Amino acid sequence: MTETARADQPTTTVAVPAHARRNDVAFHRWIFGGIALAVAFAPALAYPVFLMKVMCFGLFASAFNLLLGFGGLLSFGHAAYFGAAAYVSALAAKAWGLPPELAILAGASAAALLGALFGAVAIRRQGIYFAMITLALAQMIYFVALQAKVTGGEDGIQGVPRGTLFGLIDLGNDYALYAVVALIFLAGLAAVHRIVHSPFGHVLRAIRENEPRALSLGYRVPRYRHAVFVMSATLTGLAGATKAIVFQLASLTDVHWTMSGEVVLMTLIGGMGTMFGPLVGALVVVAMEYYLASIGGWISVIEGAVFVVCVLGFREGIVGVLARKLKRPL
Amino acid sequence: MMRSGPGRLVVAIAMLFAAAGTARAEIAVKVGVLNDRSGIYSDLAGEGSVIAAHMAVEDFKAAEKGIKVDIVSADHQNKPDIGSTIARQWYDQDGVDAILDVPTSSVALAVSQVTREKNKVFIVSGAGASDITGAQCSPNTIHWTYDTYSLAKGTAGAMVKNGGKSWFFLTADYAFGHALERDAAAIVKAAGGSVVDSVNVPFPATDFSSFLLQAQGSKADVIGLANAGGDTINAIKQASEFGIGEGGQKLAGLLVFLSDVHALGLKAAQGLVLTEAFYWDLNEGTRAWSKRFAERAGGKMPTMVHAGAYAGLQHYLKAVEALKSKDPMAVLAKMKATPTDDPIFGKGSIRVDGRTLHDMYLFEVKKPDESKGPYDYYKLITTIPAAEAFRPLNEGSCPLAK
Amino acid sequence: MHTIFGIPSQLLFGQLLLGLINGAFYALLSLGLAVIFGLLNIINFSHGAFYMLGAFLAWMLLTYCGIGYWWSLVLAPLIVGALGIAVERLLIARLYRLDPLYGLLLTFGLALVLQGVFRNIYGVSGLPYGIPSALAGGRNLGFMILPNYRAWVIALSLAVSISTWLAIEKTRLGATLRAATENPALVEAFGINVPLFVTVTYGFGVALAALAGVLAAPIYSVNPNMGADLIITVFAVVVIGGLGSILGSIVTGFGLGLAEGLTKVIYPEASSTVIFAIMIVVLLVKPNGLFGKAT
């Protein structure tokens, strides 16, 4: 077992020697450029609605990974922030008649508030307790979505107007919407990157590696944990709100605990604690669901099996393995 | 399902060759059967609806009539987001002209919206919300088999007439459950009965005992089950456990399918009164068709949803044949102008709001000793004529009806 | 007629009794989870799937082999227990030196596979399974008819829970078990085969889930999703009781069944949420759960 060395960490960290850092930042810039290019040209090859879904989930998984990979906290209830934001932005666009940019903003803000509230309860414990508490809290949001009048029960909120951006650009056109989603996606990704590489991000990693030491150095650990929780929830909300506008729908799927499980799967496949792993994981999972839709119910069996295989023998994830091969953090 | 780039090209070329090969095929129609293939409604819709669609094409002899029909299918997993995504992609990318079946009302309403936006044709068989031809009706949607109103009308109307004056509703606490209760309560009151009380049961639920106990305590004549699928099955099972039938109270299932009765077994389901649009053992026509269906479906008898998928698609093909075109608006107008007629539902018509009118039937589930074997489950109590079975046009608040 | 909280006392007693029956299932399931967590330090997410498997085995034994309820009550837990032992040896054992969260993820994946396979083979409409004839019917308690079968469910699960608790707290074997939980290396040094202990414990824990599944088969429909939704509630029960606390899991299991039963009368819409609400309150006041040890 080669894993014994990092037996106590749920993450696959790649050590970052200080002298390599400048080099790595430049390398990451290149990757960002590559992603931006890919995003720009992908609609020529694939169905734009599918690509928008990949981007929404990519952002979702990246936001989730911010908490798991860099904060060291496994939330099993991230569907709550994703779904709550989807519902709020759907409501904002449909019932309150807000333009899409404000609707998405409203969704993300709602997720931030919810994250602040739930985070305060959940971060009192770590590890398994934390996972269970986040799961149970998310379950309450699920029940609200199921039973409240405004959320439309199992119908969800349907027929959400895509609207016109800033009163100028009609988002009814798939390509116009695609451009907007691409911008949100890249901005969200840049935000994650920025957070991870900021002094705040370094403290987070220090806490994850050695909590007592961080404490003794005078860092107020709970505050850092709460802050990263809220950031993760907010970016998750950004993804959920955007998804609601793309699909013109907010539904129970978005808040169900299987959604929380799915985002864990994406992150696990792609590589926890890597910058680009969650994107790869999201692409793999969404594409799998998309291209294998004809096999219907067996998808969940395959997903489960992938889960088992990843946990048993592929804990680094696709990008994690790549990073090890390249000897560079990705 | 969906192919991109080179894949699409290959398909296009293949289709060109196919078109060249069959010179007589003047119109190519693509029909998508979209339903639950893995979840709670996969037994009452699922692969059976695909079989029914293929049978409709074969029986119609579409190829001989110059119509080439392609049937594709997908699983919407009872989720509106997945359903609307598939529908959008079918219309945008895969050249699907009409979508068929779509059980689960929330998904059907979502698909109806996409169909209207893309101006295609949507023939509902599996879903039941009366809103599909009511407040949320669409010129592009035809609702074939049944709806919550017609089921409530049949079951609740008949039970009140037979002395079940006071009702207690066990309502699944979600939009569809409330719609069922609303439609049934209106009919109970209109028929001179009363609603004593109702309890909202969290959805989905496995344990109904405490709610059944409340219903029992209410001393109402009838306990109306405003729920579906697994919830209904559990409620009926547990009702027999608490001796509810023996106490003189009757159970009314507002949405029960043949496949549910099959799952329950006659011992638990006996005496249950229910309404359906179709039963395999109604007449020569239904028996002959069902027998052919069962041969292809591994012995399973068709549900009314399968029957509706068959009849709905045939009616669509008839309109395409008559018009020699698949222009959606023209086909929809033709479908509504032509009386429906098939060996399964008999004669009927399609209203301007998209509601198909045909006879409905009130059945009672047989006792175990009355049944001659598997699928011999129902006794016909009465036939509800098409004119009375469905909600009057002016009560549905459908904008098309004005 | 007496009333309590504005509710006729008859109705209230009936509901409380029914709550106790649900509590019996919570207790059996959370007990298994607690035993497994105590020794393996993992949250067994596939517990619900094993519960489902228990119910399915009862149905399969009857349908394919003609074996009735009473034998199933013994056989199904044994089969599932054996399966659990295989799962522990082949899969979970590879994760002990890692973060316990990996155990959660592994068992989550396993649950998806098990449920998915059964869903694809048997559909989700549910399969019928009758109440054994010896327990058919019910007796009139004055305030309600208590079906004999439900009385049996309470009695059996109480008996199993209490004897498990006694076995762990009062016997030599239990003492070793508890010691192995606290300090496996030390116990190993005394010449006790700790990995074997761990394996058997996992098998026992999931066998308890399967037992609950067999008990549930005649009253709830046998259906591949039956465990998926229940398990989330049971997690909340375990968290309230205090992770790993045997007594805590039993007491809170029954207690929350009662609380839920009460909610069903007062405000039925909230009955599926009430346990989660209680959980949040408990966590705010006692972060380790009601019976949990401080960490």
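Helix α3 of chain B covers residues 80-92. Its 13 residues should span 18 Å at 1.5 Å a residue, and its end C-alpha atoms are 18 Å apart, so the two agree. The expected span is 1.5 Å times one less than the number of residues. Helices here are DSSP runs of H or I with at least four residues, strands are runs of E with at least two, and both are numbered from the N terminus.

This is a predicted model, in which local features need pLDDT of at least 70 and side-chain atom pairs count only at pLDDT 80 or more, while totals for chains, interfaces and linings use all residues. Residues are numbered from 1 along each chain as its sequence is written, and chains are lettered from A and ligands numbered from 1 in the order in which they are written.

α3(B) is mostly covered, with twelve of its 13 residues buried. Among them are P80(B), I86(B), W90(B) and Y91(B). A residue is buried if 20 or more other C-beta atoms lie within 10 Å of its own, exposed if 12 or fewer, and partly exposed in between, with C-beta atoms placed from the backbone.

Now the core. A nonpolar core is a set of buried Ala, Val, Leu, Ile, Met, Phe, Trp, Tyr and Cys residues joined through C-beta atoms within 7 Å. The largest one has 358 residues, and L170(B) and A210(C) touch the most other members. Helix α1 of chain C, residues 9-40, gives the largest share of this core, 18 residues. The partners of L170(B) beyond four places away in sequence include V199(B), F208(B), I223(B) and N227(B). Contact means that two C-beta atoms, placed from the backbone, lie within 7 Å.

Next, the chain contacts. Between chains A and C, 38 residues of chain A meet 35 residues of chain C. On the chain A side, α5 (127-147), α10 (257-270) and α12 (298-313) each supply at least two residues. The largest share, twelve residues, comes from α5(A). Elsewhere, 21 residues of chain A are in contact with 25 residues of chain B.

Two residues of chain B stand out by backbone angle. Most residues other than glycine have a negative phi. T104(B) has a positive phi near 75°. It sits in the loop between β3 (98-101) and α4 (105-118). T104(B) counts as buried because it has 30 C-beta neighbours inside 10 Å. Y375(B) also has a positive phi, about 70°. Its loop runs between β14 (360-365) and β15 (378-384). Y375(B) has 19 other C-beta atoms within 10 Å, so it is partly exposed.
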